[in-house]
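Hi,

Here is the structure I promised to pass on. Have a look first, and my notes follow below.

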Amino acid sequence: MRWTLRILSYGVFLAMLFVLVSIVVSGLPYLFRPGFFTAWPKRAMSEGGIFPMLVGSLMLMGLVFAISIPVGLVGTIFLSELAPRRLSMLLQSLAATMNSVPSIVYGVFGLALFCVKLGFGTSLLSASLALSTMSIPFFMNSAVEFLRAVPKELREGVISLGASKFQSTLMVLRASRNGILTSLMLTLGRAFSETAPILVTGAVFYSTKLPDKLTDPVMTLPTSIYAIVMNLGERSQWMARGMASLMVLIMIFIYSVVQLTRRNKRE
Amino acid sequence: MSEVVFEIKDLYAFYDDHCALQNVNLKIREKRVTAIMGPSGCGKSTLLRCLNRLNDLIPGFSLKGQILFRGQDIYRIRDLTEYRRRVTMVFQKPNPFPMSIFDNVAYGLRIHGITKKSILREKVEHALRMAALWDEVKEKLKKPAVQLSGGQQQRLCIARALALEPDVLLLDEPTSALDPIATMKIERLLEELAQQYTVVIVTHSMGQALRISDEVVFLYEGRLIEYGETSSIAKTPRHEVTKQFLTGKIG
């Protein structure tokens, strides 16, 4: 019995490792092609590099963070420090529900609201708003646990010296800053890899230039992988493999940072 | 007889429907150590936390009766910041802030508007000396406070409170999480502090109350059952529960 369990658990672990390693390995050689990171794709993505997709993904991440961090932090502080207990529970289960909504729904919602109703069109702005709609509850759900884990003695200690609610909240943020950082990294990972919400709101298969204003459409890594695999022939598949490999490597990096910050906290 | 700092009149305290204190009447005098004693759940922490209105933070808490601080009803005070500077509190579990030793002690001063470096440095040193911690930490003021031992952390919390130059120091079982040596150091410290400050300490240790307090208050099931000079109560307890406490049958 013990051996069966052991073999099974190693098996599961090896299967997961196999998935990651085979994705990375199958695309890894292409990352070293000259111009892979710096050139534009050419001849229906069969030559050239991924420069606009990489930059587009980074721009999108920048905007998503600019929107999600302030809104998410304010929401988290409200949930953990300010809201009465019942309201806080209600709002948190709302955030949890939003977390389990399929991501294409955020795409369709964003299409209806940001692209059409608000008239932002298929654009960087619409895509980052749609992605933020998904990222904010994800961030709040994770970060609020870290704020709640701050012992009440710390809040009382601050208050008992005559501090205001605002000052005690700052102290709570300070005490949970590693956890907040972890939540940010997890949100970054989720938003970076999410495809569906941007597929219909701002990402395009091909654009001749980088977006130079918020209302321009954008090329990104995950949507380009999707587009190549769905629409193009064998000669272009290497680029999708290269991008997939790059994305997995980036995710491994992000999760390693998360693990490191967690370890530091324990020490 | 020294001056009365706190006068508690007909005090009732509730958590939602649960009545934690009933009809407590009590005077706490200046520059003495008053110990609040009683078994767990008797309301002693509630009483202490009423004195700097920390219970305001707890949802469902309410209060009837009056607490006068030097003649002023504390539940009518608007500026709690200044009041809590004068009546400050040390907790059961040491709760150093996630910052350096220096910044921990300076924290209270900073939130009360003192930012000049030379003054901060002087006051922090003075407070750490008063808390008998200076010699142990003077070389590592920039180190994180969480690296100190439990006993040192608790003295740091006392220093943090003393830095505000308070009138009253409230302590909620400050030694219950500490070993005997650290406990002894803090007890000695409290005896010294009582020459300058009014000290109110919640404790469940009869020995501690006998060692350091001038007056003792016994609470039982939310009622005050006995209070007076520690020495005379130790000799001639009037109430059955007090007797049991003194003889070590409970407590």
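Starting with the fold: chain A has eleven helices and two strands, where helices (H or I, at least four residues) and strands (E, at least two) are DSSP runs numbered from the N terminus. In sequence order the pattern reads α-β-β-α-α-α-α-α-α-α-α-α-α.

Before you go further, this is a predicted model: local features need pLDDT of at least 70, side-chain atom pairs count only at pLDDT 80 or more, and totals for chains, interfaces and linings use all residues. Residues are numbered from 1 along each chain as its sequence is written, while chains are lettered from A and ligands numbered from 1 in the order in which they are written.

The C-alpha trace of chain A spans about 70 × 60 × 30 Å along its principal axes. Chain A has 267 residues, and 39% of them count as buried (20 or more other C-beta atoms within 10 Å of the residue's own, with C-beta atoms placed from the backbone).

Now the interface: 15 residues of chain A are in contact with 21 residues of chain B (contact means C-beta atoms, placed from the backbone, within 7 Å). On the chain A side, helix H6 (152-160) and helix H7 (165-175) each give two or more residues, and H6(A) has the largest share, six residues.

Over in chain B, helix H3 (residues 101-111) has several buried residues, among them Ile101(B), Asn104(B) and Tyr107(B). Their cover includes helix H4 (117-130), helix H5 (134-137) and helix H6 (150-162) of chain B. After H3(B) comes Gly113(B), with a positive phi near 90 degrees.

Cheers

Definitions and conventions: Two residues are in contact if their C-beta atoms, placed from the backbone, lie within 7 Å. A residue is buried if 20 or more other C-beta atoms lie within 10 Å of its own, exposed if 12 or fewer, and partly exposed in between; C-beta atoms are placed from the backbone.
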